[in-house]
Amino acid sequence: MANIISLDSLMAPVTPEAMREQLESSGCASSSCGSSDGPADMDPEVWAKVKDHPCYSEEAHHYFARMHVAVAPACNIQCNYCNRKYDCSNESRPGVVSEKLTPEQAMRKVVAVANAVPQFSVLGIAGPGDACYDWAKTKATFQEISARIPDVKLCLSTNGLALPDHVDEIMDMNIDHVTITINMVDPQIGVAIYPWIFYNHRRWFGLEASQILHERQMLGLEMLAERKILVKVNSVMIPGINDEHLIEVNRVVKAKGAFLHNIMPLISDPAHGTHFGLTGQRGPGAMELKELQDKLSGGANLMRHCRQCRADAVGMLGEDRGQEFNMDLLPEAVEYDPSKRTAYRAVVAEERGEHLAKKAEAAQTVAVSETDAKVLVAVATKGGGRINQHFGHATEFQVYEVSSAGISFSGHRKVEKYCEGGWGEDATLDSVIAALDGINIVLCAKIGDCPKDSLAAAGIVASHEYAYDWIEAGIAAWYAAAHPSAARLTA
């Protein structure tokens, strides 16, 4: 693309001064232009809402970033998997933040992020309590930010108990994305998940609490769907409690109008101090989660790229730059400068066109294969939809399933970075290999002989032959080479 800065240079963390310098030299200042579906697969009105939302569009998560502001600490339910403790910057899980914000502080922080992170497209309030229960702070924050940065999408997350009371206000404020955490549609199962709720000025326990929560969640979902507000349902998969029941949850929320269903693995560690962590309730393995998701192919559309973000997360999915924007690091007053975000969107519009074309070519390549083999491919990527990260630098791998039926995003595997300061740690490599359970091949920008040999010993092929290619194009090229019938037919 002539006279325009590269996508990689825009995506790298840069200072405002460096970005302005790049923009001046490029002469570019014009704007252009979840679900795995693209513009050809959905209503144009819906596509306009999701195309730049990294949580509601799997395709968009390659290009766009989210930001959560922790302005809503109060909560009206207790979940057995939750412990909202603060000042835990090394933890990445819902309900955790390093600092709580007032709406005024949130405004300062959002402007700072908008100026420094060109990928920023979505502002969410996900607690660390409940956005609808702590409604005064949620509403004040959204009103301030929508007036100052009107092109930022607004979304909120809620347990649903207080949601029906605020649906009309949500619509009036142009909040067109809402996430509800729904872990059951059978209140008896909810008894094992929720010790109590606080509703109508009193605390409720046991089956009564679960019944009230279920009724309010269903009512809120129906009200949002009637108003064409997109709803993503989050469900925590808890083995032995609601894992098989989530099949029914998926069916019900689809029938009531949910746009996406996101099934997340239980995070269960005694160090977190949750009831489930302290009582030994295990979380599911990666393949257990995939098997459940695969059973739901006929229900609500699934989100498979969730990272279970902190309530103060900043950046692309899979990264968190929140510590760069702590309040003590921000200037007292800062003016919003839209130039970086404008330029970035112009670059993304161009990149997306090429990416979609390459995805279509990749689908044709694998379609002519004469094998029925299904292969799981782990990709090391820094974003942008490309195979562009060193194996040893990865903190997660994106997982794709490829067969003659096509190439589909399957999920991600979080890992500890293997290479630190140029040195690889054997113990860390062992944990990475364990996290890649079920994976057949790893594609990355570069990999050393030692980790490559260790992966091979574990039955995993590793290759940097397709470095910096589009992910789907690299997967298709490898698949064609690994299955000569495909390669011969496409020659």
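**Chat: salt bridges, sheet and surface**

The side chains of K290 and D294 form a salt bridge, with N and O 2.7 Å apart.

User: OK, where do K290 and D294 sit relative to each other in helix α11?

Analyst: They are four residues apart in helix α11, so about one helical turn separates them. Keep in mind that this is a predicted model.

User: Is K290 buried or exposed?

Analyst: K290 is buried, because its relative accessible area is 9% and the cut-off for buried is under 20%. D294 is partly exposed at 36%.

User: What else is in that helix? Where does A286 lie?

Analyst: A286 lies in α11 too, which covers residues 286-295. A286 is partly exposed, with a relative accessible area of 34%. In space, A286 is 8.2 Å from P265, C-alpha to C-alpha, and the two are 21 residues apart in sequence.

User: Back to salt bridges. How many are there by this rule?

Analyst: The count comes to 18. One of them joins K358 and E361, at 3.9 Å from N to O. Those two are three residues apart in helix α12 (residues 339-367), so about one helical turn lies between them. K358 is partly exposed at 31%, and E361 is partly exposed at 44%.

User: Which residues are linked in a network of salt bridges?

Analyst: D168, E226 and R227 are. Within that, R227 bridges to E226, with the closest N and O atoms 3.8 Å apart. E226 is exposed at 63%, while R227 is partly exposed at 24%.

User: New topic, the sheet. What's the strand order?

Analyst: It's an open sheet of eight strands, ordered β10-β9-β8-β5-β4-β3-β1-β11, and the pairing is mixed. β10 (302-303) and β11 (314-316) are at the edges with a single partner strand each, so one side of each has no neighbour in the sheet.

User: And how do β1 and β3 pair, parallel or antiparallel?

Analyst: Parallel, over four bridges, with β1 at residues 65-68 and β3 at residues 120-125. R66 stands opposite V122 in β3.

User: Which residues gather in the patch of negative charge on the surface?

Analyst: E416, E420, E425, D426 and D430. E425 is in the loop between β16 (423-424) and α13 (426-435), and E425 is partly exposed at 45%.

User: Last one, the whole chain. How many helices and strands?

Analyst: 16 helices and 18 strands. Of the 491 residues, 57% are buried. The chain exposes about 20100 Å², and carbon and sulfur atoms supply 50% of that.

Key. Residues are numbered from 1 along each chain as its sequence is written. This is a predicted model: local features need pLDDT of at least 70, side-chain atom pairs count only at pLDDT 80 or more; totals for chains, interfaces and linings use all residues. Side-chain values use heavy atoms; hydrogens and water are left out. Buried means under 20% relative accessible area, exposed over 50%, partly exposed in between (1.4 Å probe, protein chains only). Patches are made of residues with over 30% relative accessible area and no salt bridge: like charges are joined within 9 Å, nonpolar side chains (Val, Leu, Ile, Met, Phe, Trp, Tyr) within 5 Å. Accessible areas come from the Shrake-Rupley method with a 1.4 Å probe; for residues, only the protein chains shown count as cover. A salt bridge is a side-chain nitrogen of Lys or Arg within 4 Å of a carboxyl oxygen of Asp or Glu. Lys and Arg count as positive and Asp and Glu as negative; His and the chain ends are not counted. The place of a charge is taken as NZ of Lys, CZ of Arg, CG of Asp or CD of Glu. Two strands pair if DSSP finds at least two bridges between them.
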